[in-house]
Amino acid sequence: MANGYTGKILKVDLTDKSVEELSTADYEQWGGGHGMGSALFWEYCEDKTISGTDPGNVVTIMTSPLSGTLAPGVAGRTEITGIGIQAYPIGWYTRSNFGGRFSTQLKFAGWDGIVILGKSDTPVWLNIVDGKVTFEDATDVWGLDTFETQEEIWATVTASADDWNALGGSRDSGRTTQRPAVLTSGPNAEGYGPMASLIHDAGNGAGQGGFGGVFASKNLKAVSVLGTGSVQVADPNALMEARLWANEYSFAGHRDSTFTTVGSFPFATSPGSTIGEMAPGVVSRPQGCVGCIRNCRARTDKGEGNESSCVDFFWYDAFDRAAHGGTTQTTAKAADMIQKYGLNSFAMEALMLYLGDLLQQGLIGPGAEIDSNLPFASFGTVEFAEALCQSILTQTDIGADIALGLAPMAAKWGRLEQDTTSGILRLQEWGLPHHYDARTEVEWGYGSLIGERDINEHDFNYVAYWTPTVCALYGVECEISAERLSEIVAEKTAPYNDPMMMDYSDEGIYSDAMAKTVSWHRYYTRYWKESILYCDWMWADFVNPYREDFSGLTGEGEPKFLNAVTGGNVTYEEGIEIGKRIWNLDRAIWILQGRHRDQEVFSGYNYEVGAQPGTTTYEAPYTMPVYENGQWSYKSVAGRMLDRDKVEAWKTKYFELEGWDATSGWPKRETLESMDLGYVADALEAAGKLGA
Amino acid sequence: MADIEKKEESSQSGYSRRQFLTGVGGIGVGAVLGGALLKSILLPEEVLAIPASEGYLLVDTRKCSGCTSCMLACALTHYGETNHSLARIQITQNPFGSFPNDINIDQCRQCPYPSCVDACPTGAMHADAKTGVRTVDEAKCIGCERCVNACPFTPSRVQWNPQEKHAQKCDLCVDTPFWDKEGGPDGVRACEAVCPMGAITFSSEIPMQTDGGYNVDLHEPIFDTLGFTGAGGVAGGH
């Protein structure tokens, strides 16, 4: 049936090295990606209270019906789920997501996803070539970095690069010119699991959750996939026409006259936006994931910084500039380090900021309170970055503590409470690095707190934070007024459709409307971005400067591509409803892991210290939309801190909106049954954790 | 071989036929072709009267982002499904490579003297009578793959389609049953239409080309302002 799915999910049991085909049709109700992953996790992880390194942990690597198609900003994304080992004090069931070619090759190989169970008794890597799945000895690649590992696997799987390779024994077996898509951990990742990412190609990382460490705990080094098959599309002509329609609202259709509107617009943004972080004189090309229309990265003439973006550079660029008076090639080299070593870039950024503050206070160094012989005199140089990374990889010097994860590290140093209260250790919630600020851009913080990880979902961030902030920095009036923004957001945030959802005033951040904002955001992202896999750097498209009324593609675009591929008729609003169902399933898993609303508290600095740039390496003063005295405007909310009581009152509003027990934050039976999740309610009830 | 007329040898040229075909067909070119549309040429052993293609895909690999949208669109419009292996244009790339050698766009050159056409024993591989586009009459293809092996480029621009069991190659979208748009030299090409970087365009004249590829600069001024100072330039296509 031509509906975008291959029809098969690969179930792998590492313990007995067996494989099994599951029928995708049984899980299509979840869309793909995260939804399918959570459903599979629920089914196959028998004890959800185990740690992420327990052999019983179930890891899913999932695609969507749009993977490997022409749908813009989706075809190359892959979603990973499983119990993580990064969050503190409990490694929640979590997710991560990466771009590149992996999901495309997996679909072309004939699989909608992979479910990994058990633990191998010997180091292995998984070799998927079309329908053939083999367990390969990983002894020789276990200690290699991610680049070396991929090159070794490429050479093993295909005879020659950049030529046609026949993948089967007969003339009529498939051929391809493509390299295998490999997802791998860094060298000996079991030693630094909470810091360990999974890397694919040069710059696609699944960082959050410590899935590199989870892989290593299963004696699994890598998964390689290469396919020669097809993704069957229900309406090819509609898909082509939709793609050409999208050109009109992106760089692709405006190369001769790009927009001049000041602001940050994900779908319309020109390619290679982080290229500016490279050293002067670097020559490069735009680079993108499969099927991308934006192409937000680059490859360079020096071959350094290839495919990296955002915090891959930002973990070190500020320190490079401080050491050298400007960005040098050090930044690209540092980006390559974390890609090669498979280290979490956000954790490394928070670590660098922390080390800098400790250094300034004389608390770290030879013979200091935190004794370390790292070359701190070279802070900001390649030498220091390499020494820091190596200390983690080998668990030597302070690397032995960092390898535990940032919160356990600080706890071991006896500094966790004080340093997350003063804010020099920027762990916003669950021991996870501060990304965007809970005190100002509250939907980001609330979503992370009620969830399980830094949400890293820029839907509102682009339009409610960056655009007005950039306008303020440049001293220009935003072309999209705060009132117009509130109207656009209201149009696109079914079922709530409330303009007040964009009120980030001191009152608005604790309002019923902000509960709707967070609720909608959880639903939208769980389905459209994490299950159908629309890329976070292109969607949601709330505001598009190529549209006369600035109203972006969101609402119209998501189902247009999905239905062209599947032949279905899922509406945008129905997608939001499926997202709600997925969100409730995830919530139930966290409840079984031990979640209670009393745990859902930000780190102390969010309540004690005013928000200010410098909390990360990339922030600017916060200017946000506010509704005050009957008027919309953009206003600086920098310096704001959260009120503990008001946050708790907001949580109550939010839980009631979700149909969860406000005293515990646990879903109620009627809420779950309304979404056909009665079996989930049964499990919660059996555990004594069903909302009253 | 309906579209190829073979005549008796009459040339006094000092070139061997093989040397000529290799030279203008692709690898090891060294020389430059360009400008005029060549309708026929004398060869040492025989004269091939092969109509020139009325169009060529012109590519600038320095603008290519490696997204492979062109490959997906090619398979989608010809077969109704997305598939890298069925794409008649191939993007090969090394994520760890250095610009500009990290990416090749491997598209059919619509060679003036196509080795693939010459190698075909049945006339399945031919120049379309109307457009001159080198293409495959699938009904005539016997699957010998001589055309696949005869292509002087790596990877071969002629492919074996294992699903339908015939050779295939770029037809400039003359025949795209799964796309409503009119293709071919006078129409729209799927790969060109979807390329977000504008790295693929169309030319009705034989492009200037060297060993390194097409001598073409397709970059718009915006690429310089975005910091892609390497976009465009010379020897941009393979």
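I count a residue as buried if 20 or more other C-beta atoms lie within 10 Å of its own. I keep in mind that this is a predicted model.

I looked up A:Leu343 first. I found A:Leu343 in the loop between helix H8 (329-341) and helix H9 (345-360) of chain A. Is A:Leu343 buried or exposed? I counted 28 other C-beta atoms within 10 Å, so A:Leu343 is buried.

Next I listed its contacts, setting aside neighbours within four places in sequence. A:Leu343 touches A:Gly186, A:Met195 and A:Ser197, and also A:Ile338, A:Met348, A:Cys389 and A:Ile392. I also checked A:Leu393, which is 50 residues from A:Leu343 along the chain. Their C-alpha atoms are 9.0 Å apart.

**Entry: domains**

I then turned to the layout of chain A. I noted domain 1 (8-226), domain 2 (263-412), domain 3 (442-656) and domain 4 (659-692). How many residues does each side bring to the contact? I found 31 residues from domain 1 of chain A and 26 residues from domain 3 of chain A.

**Entry: the domain 1 side**

I asked which elements give two or more residues to the side of domain 1 of chain A that touches domain 3 of chain A. They are helix H1 (33-44) and strand E5 (93-98) of chain A. The largest share of that side, five residues, comes from H1(A). I sorted the side by class too: 11 nonpolar, 16 polar and four charged residues.

Terms used. Residues numbered from 1 in each chain as written. Chains lettered and ligands numbered in written order. Predicted model: local features only at pLDDT ≥ 70, side-chain atom pairs only at ≥ 80, totals over all residues. Domains from an automatic or database assignment. Contact = placed C-beta atoms within 7 Å. Helix = DSSP H or I, 4+ residues; strand = E, 2+ residues; numbered from the N terminus. Nonpolar A, V, L, I, M, F, W, Y, C, P; charged D, E, K, R; others polar. Buried ≥ 20, exposed ≤ 12 C-beta atoms within 10 Å, placed from the backbone.
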